[in-house]
2 protein chains.
Amino acid sequence: MSQTLRNDRFLRALRREPVDCTPVWLMRQAGRYLPEYRASRAKAGSFLAMAKNPELACEVTLQPLARFDLDAAILFSDILTIPDAMGLGLYFVDGEGPKFERPLRDAASIAKLGVPDMEQDLRYVMDAVRVIRRELDGRVPLIGFSGSPWTLACYMVEGGGSRNFSTIKAMAHGDPKALHALLAVNTDAVIAYLAAQRAAGAQALQVFDTWGGVLSPAMYREFSLPYLERIARELDRGEGADRAPLILFGRGNGAYLGDLADSGAEGLGVDWLVELGEAARRTGGRVALQGNLDPCTLYGPPEAIRREVRLALDSYRDGNGGSREGHVFNLGHGMSPDMDPEHVRVLVDEVHSHSRR
Amino acid sequence: MSQTLRNDRFLRALRREPVDCTPVWLMRQAGRYLPEYRASRAKAGSFLAMAKNPELACEVTLQPLARFDLDAAILFSDILTIPDAMGLGLYFVDGEGPKFERPLRDAASIAKLGVPDMEQDLRYVMDAVRVIRRELDGRVPLIGFSGSPWTLACYMVEGGGSRNFSTIKAMAHGDPKALHALLAVNTDAVIAYLAAQRAAGAQALQVFDTWGGVLSPAMYREFSLPYLERIARELDRGEGADRAPLILFGRGNGAYLGDLADSGAEGLGVDWLVELGEAARRTGGRVALQGNLDPCTLYGPPEAIRREVRLALDSYRDGNGGSREGHVFNLGHGMSPDMDPEHVRVLVDEVHSHSRR
């Protein structure tokens with residue numbers, strides 16, 4: 001932890017300090033679109049085996065940094081490690097995404113849940129953070145992360161991905177007390193999990209509220225927002241230059257950026273459904289913003305990628321009173337396996353060169 | 001066409017005239033959640049065979065009206081009839097939704113497309129409208145519909161449903177001229193299709209922009225909004241009491257309600273991601289609003305359904321200067337096969353009884 005960071009653009013942007021150019025990293029930058037990732041995965045045998053092996057998790061975390069001029073690394077892991085450690089039995093079915101052997105369906109099974117022991121039940125995550133920090137050796141900061149309480153609850157109650165989230169919404173309407181009990185224990189666990197990742201060496205922390213955007217405004221304000229606010233309020237992230245900033249990312253959070261900016265989080269991750277300049281106006285310089293190119297832009301030709309990068313950078317600047325400070329460039333959601341690594345290079349290089357001008 | 005309408009609440013609400021209570025219909029109200037629908041479908045052999053048979057289409061259109069006190073019927077059909085008539089070869093794979101045998105992938109195949117002959121290539125739709133009007137016999141008005149130019153294009157280019165719309169977005173970035181050519185011919189076809197449905201007897205017309213909400217604001221304003229505006233401007237919908245109002249429904253259209261309200265459409269269909277009162281404030285009485293209960297509310301217990309119905313009704317009234325005028329109650333999206341018909345009854349009856357008070 002005592003290494004000097006050789007590239008601190010990302011952390012400076014999250015503190016809204018001046019930078020030489022806008023920092024950039026990409027959600028799911030370590031992933032199947034990279035042939036070296038597919039090779040690591042083949043070696044591991046499965047996604048979960050790779051995520052649970054600190055050396056392999058480190059290997060794939062560093063892969064995109066070897067190729068592209070990225071300004072941050074993000075821990076390679078899964079967002080469902082917490083419910084797995086709670087005993088729900090995480091497994092993966094090819095082409096169907098994550099599933100749980102023992103989904104939660106009633107208040108009784110929720111009442112039995114407890115916060116996992118971070119250095120025991122989730123030791124493989126903390127070990128991965130430690131190994132990655134050592135191997136990064138101060139090149140760029142390392143981001144730790146967790147699913148949001150609501151997003152974890154979606155998977156825990158639905159038992160996997162869902163088309164319309166009918167089971168958890170039925171619980172929200174039929175037994176809101178049980179759902180709040182689940183969200184409360186999830187929040188305790190997320191706070192402990194992120195704190196442990198920071199203690200292990202994570203220099204920034206991101207919460208993925210992937211499914212907050214499926215809720216009506218009234219339900220978002222009841223079942224997702226208050227728990228994000230509690231994380232922002234209660235998570236100890238250190239002081240001064242050592243402080244690990246917290247980023248709240250949420251798909252469909254455009255309508256709530258004002259509230260989220262008041263939460264105390266240092267950064268907000270924004271999807272592509274809101275213009276970045278408009279997001280900057282709504283948050284008025286109270287937080288840094290991270291985002292927000294439509295990932296599908298990467299399916300376009302290089303010239304279109306460059307143009308869209310410039311538009312996003314300038315939209316932020318225009319909404320931020322003419323300054324590029326406080327912006328971390330990213331996609332509005334994660335990358336997909338069929339994307340072209342060379343297009344990622346085009347994106348990353350254009351972010352740096354255009355914002356340096 | 002000369003019958004007197006015995007229940008004209010729906011049309012009065014779309015004209016923002018006073019009504020005795022708020023009218024209600026539900027997207028996909030004729031559907032698999034009804035055992036009698038499943039029986040009709042079994043008789044027909046397939047969804048498409050049912051949609052292409054005017055008598056069966058009429059049979060299933062009327063089924064929900066026999067059960068519930070609904071204020072409108074909607075033509076039973078598919079949103080992809082136009083591209084099918086253009087020669088793309090619509091077919092269905094169980095559990096996977098619609099597919100096209102010959103999806104569009106380049107400017108050359110797009111240049112070959114023409115507007116279908118409505119009374120020839122799509123005669124089965126017009127016949128269904130005529131049969132349904134006759135069988136409805138003035139009970140409630142009949143809604144005709146079409147997919148939006150952008151939404152049709154999504155299926156035509158992707159060749160079916162899509163997780164991230166990568167193919168059409170690649171075209172939007174790589175060959176925007178080809179995509180605009182496709183959207184232009186789609187718009188011509190939608191206008192002709194809706195006009196033909198009106199001529200056959202449809203008393204209101206709805207455009208489903210199911211996938212507009214996957215676009216960034218800049219892309220929505222380039223690839224979806226202008227074509228919706230052209231439909232609203234160019235579609236002849238008659239005059240006076242015979243005028244067939246146009247409703248523009250769009251998932252994720254909350255950010256664009258102000259623009260859509262200026263399009264000239266009589267009504268806007270709103271999903272559940274925006275509060276109805278806020279939608280009313282954004283549109284300021286320029287249009288009627290239709291919506292917007294989260295369909296998953298129907299998975300909740302009856303008491304929760306009643307409460308959510310009342311909240312939506314009152315939210316609209318509060319945002320509409322204290323008046324319930326100009327509101328058509330609906331879901332924010334279509335119903336699902338595993339919903340309980342008895343819960344639909346609870347919803348419909350609560351809309352009427354609460355708004356009558």
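Which residue takes a positive phi just after α10(B)? I looked, and Gly201(B) does, at about 135°.

Before going on, I noted that this is a predicted model, where local features need pLDDT of at least 70, side-chain atom pairs count only at pLDDT 80 or more, and totals for chains, interfaces and linings use all residues. Residues are numbered from 1 along each chain as its sequence is written, chains are lettered from A and ligands numbered from 1 in the order written, and side-chain values use heavy atoms, leaving out hydrogens and water.

**The helix.** I went back to α10 of chain B, residues 176-200. Helices here are DSSP runs of H or I with at least four residues, and strands are runs of E with at least two, numbered from the N terminus. The 25 residues of α10(B) reach 36 Å from first C-alpha to last, close to the 36 Å expected at 1.5 Å a residue (1.5 Å times one less than the number of residues).

**The sheet.** In chain A I traced seven strands in an open, parallel sheet, ordered β1-β4-β5-β6-β7-β8-β9. Strands pair if DSSP finds at least two bridges between them. β1 (73-74) and β9 (327-331) of chain A are the edges, each pairing on one side only. I then checked β7 (267-270) and β8 (288-293) of chain A, and three bridges join them. Gly267(A) has Ala288(A) as its bridge partner in β8(A).

**The two chains.** I laid chain A on chain B: a turn of 180° and a shift of 0.0 Å along the axis give an RMSD of 0.0 Å (least squares on C-alpha atoms of residues with pLDDT of at least 70 in both). That is the relation of a two-fold axis.
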